[in-house]
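Work through the exercises below with the structure open. Each task is followed by a solution in steps.

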Amino acid sequence: APANRIARWDGTTWSALGSGMNGLVRAVTVYNGELIAAGDFAFAGGMPANFIARWDPGAPGSWSPLGSGMNGGVRALGIYNGELIAGGDFTNAGGTAANHIARWDGTTWGPLGSGINGRVRALSVYNAELIAGGYFATAGGTQVNNIARWDGATWSPLGTGLYSLPSWGGVGALAVYSADLIVGGHFTVAGGCWANHIARWDGVTWAPLGSGLGVNRPYVNALTVYNGELIAGGKFTTAGGTAANHVARWDGSTWSTLASGMSGVNASVRALTVYDGELIAGGGFNTAGGALASATARWDGATWSPLGSGSWEDYWGEPPAVFALTVCNGDLIAGGDFVIAAGTEANCIARWDGTTWAPLGDGMWGPFNPYVDALTVYNGELIAGGRFTTAGGTGTNYIARWDGSTWSPLGDGMSYYVHALTVYNGELIAGGRFSYAGDVEVRYIARWDGSTWSPLGSGMGTHPQMTQVHALTVYNGELIAGGEFTTAGGTEANHIARWDGTTWSALGSGMGGAGYIYIPVRALTVYNDELIAGGTFDTAGGTEANHIARWDGTTWSPLGSGMAGGFGDWPGSYALAIYDDELIGGGDFTIAGEHASAYWARWGQCSGDIDCDGDTDHADLGALLGAWGSQPGDPHWNPDADLDGNGHVGHGDLGILLGDWGCGT
């Protein structure tokens with residue numbers, strides 16, 4: 001069917017989006033729930049659009065401009081600090097001078113400083129800064145050589161940038177892989193080092209990726225990460241000296257041709273729970289362990305397999321993500337941004353009875369791509385929170401309850417999104433991005449006693465754009481809240497705080513990050529009498545703790561070397577659960593400890609771990625030998641070395657330690 005340069009695929013069939021564009025479409029993204037398309041067109045859907053337009057899902061068939069558009073072509077789109085960023089050949093956006101790069105806040109176009117002096121081809125976010133790549137020499141009047149970073153106020157270079165000998169060259173693609181910024185394009189030098197058309201930046205220094213990509217005027221115009229490997233596409237026929245016709249993968253040390261594994265577009269695990277003796281994972285993937293498993297998968301201790309058959313789709317007909325899982329009345333409940341669950345219309349929430357997926361009434365709906373982000377059970381009813389304004393056709397304002405047959409509101413609901421739910425002291429606790437519950441000011445966290453919403457003290461934070469509660473749990477009789485905030489009840493509490501029923505207080509110095517703006521705690525659970533926190537932070541209590549840490553009631557400490565890698569702008573640990581006496585972590589990471597572990601990992605209790613560092617190794621053997629032959633009352637008695645619990649450190653304990661040798665390493 002005619003589609004005029006832009007089309008959609010519903011899983012079976014291609015179809016047009018309105019009457020399309022009258023010129024090339026070079027970039028697409030989603031911003032504020034709308035599809036944004038940009039390129040070299042003057043008209044979209046027959047309407048003047050001037051190189052950029054939006055498709056409104058609430059008005060099918062309707063393309064509309066973003067302000068008055070640009071005076072030249074747009075070649076790249078990105079999102080940074082909640083704004084849409086466009087880069088290209090233009091020098092004016094919305095009637096305002098904006099040299100080759102501009103930002104859209106939802107209403108108005110504006111510049112980023114004095115802009116860039118040449119074409120912008122690629123945009124990404126790295127270390128909380130916007131990265132722009134292309135064919136240019138200066139940004140903000142500063143020499144940058146084809147790549148620059150914007151910290152929200154100022155442009156600056158990345159070392160000495162990139163260029164090509166003997167010609168100038170430029171950047172065509174950007175990605176983040178294994179904590180490095182990856183840059184591809186047409187260049188041979190990065191930061192003064194030879195780097196054939198692809199290079200990495202670790203925040204300080206440029207380095208090549210092996211011997212790069214080459215033969216016959218090569219360039220890289222696409223980059224992504226897949227199954228923990230970097231994927232490069234473009235015009236090249238060798239990668240690392242090996243034949244690789246136009247596509248290749250990099251595993252961190254070597255170039256090779258493509259293979260398969262647990263994967264998906266922007267793949268990640270977002271939710272975990274245990275159901276019917278199996279671990280359940282939900283997220284944005286479409287295979288698990290090589291098996292087709294769209295959005296949900298189950299692990300029986302040895303193998304991944306799907307839950308049911310049929311496609312999962314979001315509003316656009318694309319693969320969706322599952323954000324939340326729980327068990328209610330014997331059913332597994334999944335919430336997310338899907339419209340179709342295993343071939344069945346479900347609208348953001350579905351239940352699995354062990355055999356089949358089914359909807360819960362008419363599900364949820366609302367503006368701007370609705371989703372369910374949190375689930376719990378309270379007073380025998382299922383509670384769902386997220387970004388929706390109706391449930392079962394009834395107005396519910398971001399939170400609703402299901403009694404087994406009908407959806408209904410909880411009072412007047414919230415003023416904005418709900419991200420977390422739990423039960424504490426007989427009350428339902430909700431956290432999120434809302435400042436009001438009904439007409440009561442609550443500041444991002446509220447409690448429901450069965451009939452009325454009320455605040456927990458003065459709540460969290462002060463900045464409406466930088467305050468959210470993402471995770472809730474109960475530990476040692478106190479409510480624990482994690483998220484994006486720096487105060488709780490008016491007291492300093494960096495991204496995590498506790499509520500004793502009356503007062504908020506901090507857990508040590510909380511979480512932080514090296515140069516990060518966005519450092520929330522995204523997941524909480526209790527394991528082996530310790531509070532476990534996961535998120536995008538890289539320090540806890542001032543100690544390095546890459547995306548995951550434990551609190552023993554007094555002190556924060558890391559779980560091994562934590563997580564690393566990932567696909568998105570904010571890699572980290574997003575989901576936590578306990579299964580088969582092990583802690584399970586899921587999120588946007590490809591390395592856990594020292595192991596390759598794409599999107600999920602497990603942390604086991606080691607029987608011989610005398611020093612409690614997560615490993616059974618020489619340190620534990622030394623501790624056992626230091627207590628050898630002792631019993632209670634002896635000067636060198638160590639109760640942790642009495643592994644068999646017989647009141648004496650000896651051969652039985654040594655046998656347990658040696659049998660557990662290497663656990664956790």
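**Exercise 1.** Decide whether Y417 is buried or exposed.

*Solution.* Buried means under 20% relative accessible area, exposed over 50%, and partly exposed in between (1.4 Å probe, protein chains only). Y417 has a relative accessible area of 9%, so Y417 is buried. For Y416 the value is 30%, so Y416 is partly exposed.

This is a predicted model: local features need pLDDT of at least 70, and side-chain atom pairs count only at pLDDT 80 or more, while totals for chains, interfaces and linings use all residues. Residues are numbered from 1 along each chain as its sequence is written, and side-chain values use heavy atoms, without hydrogens and water.

**Exercise 2.** Classify the ring pair of Y416 and Y417.

*Solution.* Rings of Phe, Tyr and Trp (its six-membered ring) pair if their centres lie within 6.5 Å; planes under 30 degrees apart count as stacked, over 60 as edge-to-face and the rest as tilted. The structure holds 14 aromatic pairs. In the pair of Y416 and Y417 the centres are 4.1 Å apart and the planes are at 15 degrees, so this pair is stacked. The pair of W551 and W556 is tilted, with 5.2 Å centre to centre and 50 degrees between the planes. W551 and W556 are both buried.
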